[in-house]
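Subject: Structure handover

Hello,

My notes on it follow below.

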Amino acid sequence: MKACQGVCGQCRWYRGCTVSSSRAAEMEEGQTQWKEFVQKISVLQWVLTFLLMGVSCVLLMVYLMFTCLWLLPTLYTIWMLTDWDTPEQGGRRVEWVRKWTVWKHFRDYFPVKLVKTAELDPSKNYILGSHPHGIMCAGAFSCFSTESSGFAQAFPGMRSCLAILAGLFRMPLYRDYLMSAGMCPVSKPSLEFLLSRNGTGNVVVIVIGGAAESLASSPGVNTVVMRQRKGFVRLALEYGADLVPVYNFGENELFRQVVFQEGSIMRTLQTAFKRVMGFAPCLFIGQSWGLVPYKTPITTVVGRPISVPQFSSPPEEMVDHYHSLYMEALTQLFHAHKTRCGLSETHQLQII
């Protein structure tokens, strides 16, 4: 064997020998595979939480009522009734939960990247419109409901709050988990509290397209639903909160969805379910086990603020004006960053 200099740490052979190099390569490969597995499990638990945790918590509480542990759900229910309005009064944010290590693994799986294009003034409040919804809002969750993407470092003095379906905060235990991540109901009392009675430095993130936009989510599609959605603009005017467009590049690439045509029986059922329950059931499939999303980079680009005056009762013409300014700013943001985020120059943003 060819002589080398130095002694290998794993055996008495010389450093740089073929056996030592092979061993190091195997160890490195094993570490990489383990890291990828941990990232995949981190994303899977998030998907299962999104799909099942709320219903599971309700079923657990009902089950415990018929066991010797009936006192636990009884006491929790009493406490929950006294705590009923907390989600709409700023919630109960826990920074420790937002900084869990699992969210870093979640971020690294795709990976998710937060891009800042302008400063946000801590002496003001802001409404961020997040687009598109996708199937599960992975980009918005990572950037605004956890600290894994560095929101606090990018925007010092600001507190982000992702507004989600209000009905989720009526589910026992699940409501507390959502509040701990800094989420709030997307209801008018909740948003008004954050913009008027919670000081300044609040960043309220609203996924404008909502459930209707999730039905249009598909790889290669850049469609946002907001042409007739003006409530967030009216709210911004009433409380003098500046508007900020946000686009999550890659969000629509995470799952493959069966998109039913307008007028079809399945689309009619989806629309009816959305009207009753507030969200739309989507038929989708992921990369692993059918649930883990495809490993596609997500780049969440936060645009420049649109200065908004304060009017207690803004006229419709003013609402239309700032709504148009917002759509123009979102379109400019999309075209300014699309090529850097993996799209071709020919991609267009469709606003419906």
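S288 is buried, with a relative accessible area of 12%. Buried means under 20% relative accessible area, exposed means over 50%, and partly exposed lies in between (1.4 Å probe, protein chains only). S288 sits in the loop between β9 (284-285) and β10. Its side chain makes a polar contact with the side chain of K40, at 3.3 Å. A polar contact is a pair of N or O atoms within 3.5 Å; within protein, one must be able to donate a hydrogen and the other to accept it, and residues adjacent in sequence count only if both atoms are side-chain atoms.

Some ground rules. This is a predicted model, in which local features need pLDDT of at least 70 and side-chain atom pairs count only at pLDDT 80 or more, while totals for chains, interfaces and linings use all residues. Residues are numbered from 1 along each chain as its sequence is written, and side-chain values use heavy atoms, with hydrogens and water left out.

**The sheet**

Seven strands form an open sheet. The order is β1-β10-β7-β2-β5-β3-β4, and the pairing is mixed. Two strands pair if DSSP finds at least two bridges between them. Helices (H or I, at least four residues) and strands (E, at least two) are DSSP runs, numbered from the N terminus.

Which strands stand at the edges? They are β1 (112-116) and β4 (184-185). Each has a single partner strand, so one side of each is left without a neighbour in the sheet.

Strands of a sheet pair through backbone hydrogen bonds, either parallel or antiparallel. β10 (residues 298-302) shows both senses. With β1 it runs parallel, joined by five bridges. K113 has T299 as its bridge partner in β10. With β7 (residues 242-249), β10 pairs in the antiparallel sense over four bridges. There, V246 has V302 as its bridge partner.

Is β10 enclosed or open? Five of its five residues are buried, so β10 is largely enclosed by the rest of the structure. I298, T300 and V302 point one way from the strand; T299 and V301 point the other way. In a regular strand the side chains alternate between the two faces of the sheet.

V112 belongs to strand β1. V112 is buried too, at 6% relative accessible area.

**The annotated segment and the nonpolar patch**

An unreviewed UniProt entry carries the annotation "transmembrane region" for residues 43-72. UniProt positions are given in the numbering used here, feature names are shortened, and annotations may be inferred rather than shown by experiment. In the model, residues 43-72 are 80% helix and 0% strand. The end C-alpha atoms of that stretch are 31 Å apart.

A nonpolar patch lies on the surface, formed by V58, V62, M65, F66, W70, L71, L75 and I78. Together they have about 800 Å² of accessible area. Patches are made of residues with over 30% relative accessible area and no salt bridge; like charges are joined within 9 Å, and nonpolar side chains (Val, Leu, Ile, Met, Phe, Trp, Tyr) within 5 Å. α1 (18-64) and α2 (71-82) each supply at least two residues of the patch. The largest share, three residues, comes from α2. F66 is in the loop between α1 and α2. F66 counts as exposed, at 72% relative accessibility.

**Salt bridges**

How many salt bridges does the structure hold? There are 13. A salt bridge is a side-chain nitrogen of Lys or Arg within 4 Å of a carboxyl oxygen of Asp or Glu.

- R234 and E316 meet in a salt bridge at 3.0 Å, N to O. R234 lies in helix α10 (residues 231-239) and E316 in helix α12 (residues 316-337), so the pair ties together parts that are 82 residues apart in sequence. R234 is partly exposed at 27%, and E316 is partly exposed at 40%.
- Salt bridges that share partners join D83, R92, R175 and D176 into one network. Within it, R175 and D176 meet at 3.6 Å, N to O. R175 is buried, with a relative accessible area of 0%.
- R93 pairs with E95, the closest N and O atoms being 2.7 Å apart. R93 is partly exposed at 29% relative accessibility, and E95 is partly exposed at 34%.

Best regards

Methods. Accessible areas come from the Shrake-Rupley method with a 1.4 Å probe; for residues, only the protein chains shown count as cover.
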